[in-house]
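Please read them with the coordinates open.

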Amino acid sequence: RRGDTGWLLYFLAKLAYFFPVAASTHRPMSVVTLNVHFDGPADAATLSWVGNDGAEVKYCEVRRGGEVRQETFAGHEWVLRSKGGGDELARFVAAAEPALQEHRVPADAAADAADAAGDA
């Protein structure tokens, strides 16, 4: 009854898709939650995931004084820009631990980002 194992192979393939394995560690990748608090300077900002090619994929918008929770994998890079793809306000990479990672973007974030870019 070889035909009965087809569903198992299909299930394992789907399982591997949803739970990728990091090549260097051979362990499942860590899923973490970013909690981004946005205190300004813009009225709103856009949170985007940064792909391996550097392209930004918009995920959500957060208003001044608000916060957003985003699940991601350890090692993934995220950027927060003023609404409409403007100034970079913050950039962070998800760590493997802790499971909940707090990021606060202050009112003077644009000035801090500009200073950091000037120092590089």
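1. Surface. The accessible surface of the protein comes to about 8000 Å². Carbon and sulfur atoms own 56% of that surface. The model is a predicted one. Of the 120 residues in the protein, 28% are buried.

2. Fold. The secondary structure amounts to two helices and seven strands. Along the sequence the pattern reads α-β-β-β-β-β-β-β-α. Now the contacts: among those with a separation of 6 or more, 57% link residues 24 or more positions apart.

3. The four-stranded sheet. Four strands make an open sheet in the order E3-E2-E5-E6. The pairing is antiparallel. Which strands stand at the edges? They are E3 and E6 (88-93). Each has a single partner strand, so one side of each is left without a neighbour in the sheet. Neighbouring strands of the sheet are turned by 20 degrees against each other on average, direction ignored.

4. The E5/E6 pairing. How many bridges join E5 and E6? There are five, in the antiparallel sense.

5. Aromatics. Searching the whole structure turns up one aromatic pair. The partners are Tyr59 and Trp78, in an edge-to-face arrangement. Their ring centres are 5.0 Å apart, and the planes make an angle of 75 degrees. Tyr59 belongs to strand E3 (residues 56-63) and Trp78 to strand E5 (residues 77-82), so the pair ties together parts that are 19 residues apart in sequence.

6. Is Trp78 buried or exposed? Trp78 is buried, at 1% relative accessibility. Tyr59 is partly exposed, with a relative accessible area of 45%.

7. Salt bridges, overall. Side chains of opposite charge can pair when their charged atoms come close. Here the count comes to nine salt bridges.

8. A loop-to-loop bridge. Asp43 and Arg64 meet through their side chains in a salt bridge, 2.8 Å from N to O. Where do the two partners lie? Asp43 is in the loop between strand E1 (31-38) and strand E2 (44-50). Arg64 is in the loop between E3 and strand E4 (66-73). The pair therefore ties together parts that are 21 residues apart in sequence. Asp43 is exposed, at 56% relative accessible area. Arg64 is partly exposed, at 44%.

9. Arg81 forms a salt bridge with Glu88, with the closest N and O atoms 3.8 Å apart. The cut-off is 4 Å, so this pair counts as a salt bridge. Arg81 is buried, with a relative accessible area of 19%. Buried means under 20%, so Arg81 qualifies. Glu88 is partly exposed, at 27%. Glu88 also meets Arg91 in a salt bridge, at 3.0 Å from N to O. Arg91 is partly exposed, with a relative accessible area of 37%. Which residues does the network take in? Salt bridges that share partners join Glu56, Glu77, Arg81, Glu88 and Arg91.

10. Ser82. This residue is found in strand E5. Ser82 counts as buried, at 14% relative accessibility. What is Ser82 in contact with, leaving aside its neighbours within four places in sequence? The contacts are Ala42, Ala44, Ala45, Asp87 and Leu89.

11. Thr33. This residue is found in strand E1. Thr33 counts as buried, with 16% relative accessibility. Leaving aside neighbours within four places in sequence, Thr33 is in contact with Arg69, Gln70, Glu71, Ala99, Leu100 and Gln101. Thr33 and Pro98 are 65 residues apart along the chain, yet their C-alpha atoms are separated by 8.8 Å.

Note on methods
Residues are numbered from 1 along each chain as its sequence is written. This is a predicted model: local features need pLDDT of at least 70, side-chain atom pairs count only at pLDDT 80 or more; totals for chains, interfaces and linings use all residues. Side-chain values use heavy atoms; hydrogens and water are left out. Rings of Phe, Tyr and Trp (its six-membered ring) pair if their centres lie within 6.5 Å; planes under 30 degrees apart count as stacked, over 60 as edge-to-face and the rest as tilted. Buried means under 20% relative accessible area, exposed over 50%, partly exposed in between (1.4 Å probe, protein chains only). Contact means heavy atoms within 4.5 Å. Accessible areas come from the Shrake-Rupley method with a 1.4 Å probe; for residues, only the protein chains shown count as cover. Two strands pair if DSSP finds at least two bridges between them. Axes are lines fitted to C-alpha atoms, for helices over the stretch in contact, and angles run from 0 to 180 degrees between N-to-C directions.
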